[in-house]
Amino acid sequence: MHSEGANEKTFSLFAIVGIILAFGLVMLGSATAPTGAERFGNAYYFLIRQILLGLVPGALLFIALRQVPLRWWEKSWRAMFIVSLVLLGLVFIPGIGLRINGSLSWIH
């Protein structure tokens, strides 16, 4: 059972995330409007693209992963951490890492 305090904390967390998300989208829209209008004829091109390819999939993934029991996350964190470290290290292997502007930070 959730206590009243837990519900308030959950609401506060979602409110803060929502404010940060809204601020980020406003900043993206204002910073990319001239480029979007010039290149694509739509000042909101990058904003729409971010919402459709970032916000919507992220929200759906959040909803799906929220259904996974907390106990599973507690048991699996070590394996996920090791996989993350391996993926981070792959960029330094020649042929796998992709050099962009002198930086090896992407997997080809």
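Rings of Phe, Tyr and Trp (its six-membered ring) pair if their centres lie within 6.5 Å; planes under 30 degrees apart count as stacked, over 60 as edge-to-face and the rest as tilted. Before using that, I noted that this is a predicted model, where local features need pLDDT of at least 70, side-chain atom pairs count only at pLDDT 80 or more, and totals for chains, interfaces and linings use all residues. Residues are numbered from 1 along each chain as its sequence is written, and side-chain values use heavy atoms, with hydrogens and water left out.

Aromatics. I get five aromatic pairs by the ring rule. One of them, F40 with Y45, is stacked, at 3.8 Å centre to centre and 20 degrees between the planes. W72 and W73 are edge-to-face, because their planes sit at 80 degrees, with the centres 4.8 Å apart. Ring pairs also tie F40, Y45 and F46 into a cluster. I looked up exposure too (buried is under 20% relative accessible area, exposed over 50%, partly exposed in between; 1.4 Å probe, protein chains only). F40 is partly exposed at 43%, and so is Y45 at 28%.

Threonine. Is T32 buried or exposed? T32 is buried, at 17% relative accessible area. Leaving aside neighbours within four places in sequence, I find T32 in contact (heavy atoms within 4.5 Å) with A43 and F46.
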